[in-house]
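These are my notebook entries on one protein chain. I record what I looked up, entry by entry.

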Amino acid sequence: MRLLFLALLLVSPLCFGKTVVIIQSYHLEYKWDADYIDAVRSVLGQDHDLHVFELDTKRLSKPEWPQKVAEIQRKIANVNPDVAILGDDNAFTLMADHLVEQQIPVVFLGVNGGPVQHPTLEHPLVTGILERPFFSESIRHLRKILRQKERFLVLMDDSPTMRNAVNEYFGDKRQATIYGSELDIVLTNDRDTWLDTVLNAHERYDAVVLGTHHTIRDKDGQYVIPHDLLKDAFYRAQLPLFSFWDIFVGEEQSIGGFTISAKQEGLTAARLASLILNGMRPDQIPQLKSLSGHYVYSASGLEHWNLDLSPMIASQANFVE
């Protein structure tokens, strides 16, 4: 059955002339959003009318969210879409109930929470891809390339997406052991706490693995630009910085790792939407988990930290520069 379903994904874009809305949790300048939207457009954009709406929840303060939600609900009423694609947990939390009440099928991607956090995941009009960071696979991979590999710091912002990701895998624990390596998990939205944790990590850890860092604010409550924050950490940290997501890999950013691909998540979501546009009911389409990770590395990051990949890993890796 699974093989048949995966085959359907490959041939799904057969429908014509439908309307699709993409609702972002974040904003188009955020690379994760830009990458998955480009992927959706590559599958659906030629034959369908696509509308993209951004909730902008990383930059807007929480009291501003209801106004933005109401604005997008009005736009959806005007567009009357045949299917809606929701990107990430905040979009699902804020928009899924409204959409299914309007009998609009929903395809989600980038959602880390399960039915406990998102009961609407079990609605018959809903299907999609549950985003699951490759915690075990990442640590197993890093153990192959690091000489010192006994203790890792996992550092993330304290966003709903990261809380859900951690809770789904680790429960309420913030310490764990994976493949013999000890992990401490820290979530914070405070710039000084985040940066101090990175800068002092060498006292206790062998490497840092980063989640998202896009809901972080300074002591005055001002939004901190993620690229600038990671650049600061890159030059001041005394330990190598790896990532669970490929969007944070690059020059003056993280080195790389075994990562989730926004492009792959977008392609899969678009193909699920195509199945619905071709007449399949969402409850006939099994919900998926992130299908596959990939090795992504920054050449300058490897040089900066004096690290070498084995010929086998290097042959399988994508280098962003």
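This is a predicted model: local features need pLDDT of at least 70, side-chain atom pairs count only at pLDDT 80 or more; totals for chains, interfaces and linings use all residues.

Entry 1, serine 292. I began with the exposure of serine 292, which is partly exposed at 41% relative accessibility; buried means under 20% relative accessible area, exposed over 50%, and partly exposed in between, with a 1.4 Å probe and protein chains only. I located serine 292 in the loop between strand S12 (288–289) and strand S13 (294–297). Helices (H or I, at least four residues) and strands (E, at least two) are DSSP runs, numbered from the N terminus. I also looked up glutamine 316, which is 24 residues from serine 292 along the chain, and their C-alpha atoms are separated by 13 Å.

Residues are numbered from 1 along each chain as its sequence is written, and side-chain values use heavy atoms, with hydrogens and water left out.

I recorded the division into domain 1 (10–131 + 262–290) and domain 2 (135–259 + 295–319); the bounds come from an automatic or database domain assignment. The C-alpha centres of domain 1 and domain 2 lie 28 Å apart. Their contact takes 19 residues from domain 1 and 15 residues from domain 2, where contact means heavy atoms within 4.5 Å. Between them the two domains bury about 1300 Å², with 51% of it on carbon and sulfur atoms. Buried area is the accessible area (1.4 Å probe) that two parts lose on being put together, summed over both. Which three residues supply 40% of the area that domain 1 buries against domain 2? I found Tyr30, Lys58 and Asn112, which supply more than any other three residues.

I looked up the charged end of lysine 58, which sits over the ring of tyrosine 26 at 4.1 Å from its centre. The criterion is NZ of Lys or CZ of Arg within 6 Å of the ring centre and within 35 degrees of the ring normal.

A nonpolar core is a set of buried Ala, Val, Leu, Ile, Met, Phe, Trp, Tyr and Cys residues joined through side-chain atoms within 4.5 Å. I found 81 residues in the largest one, and Leu44, Ile85, Trp194, Phe242 and Tyr297 have the most contacts inside it. Helix H9 (residues 262–277) gives the most to this core, with nine residues. Domain 1 and domain 2 each contribute at least three residues to the core. I then listed the contacts of phenylalanine 242, leaving out residues up to four places away in sequence; among them are Leu142, Ile145, Val208, Ile255, Tyr297 and Leu307.

Entry 6, aromatic residues. My search of the whole structure gave 11 aromatic pairs. Rings of Phe, Tyr and Trp (its six-membered ring) pair if their centres lie within 6.5 Å; planes under 30 degrees apart count as stacked, over 60 as edge-to-face and the rest as tilted. Tyrosine 169 and phenylalanine 170 form an edge-to-face pair, 4.7 Å centre to centre with 65° between the planes. Tyrosine 169 is partly exposed at 40%, whereas phenylalanine 170 is buried at 8%.

I recorded a positive phi near 55° for asparagine 306. Asparagine 306 lies in the loop between helix H10 (299–304) and helix H11 (311–316) and is exposed at 58% relative accessibility.
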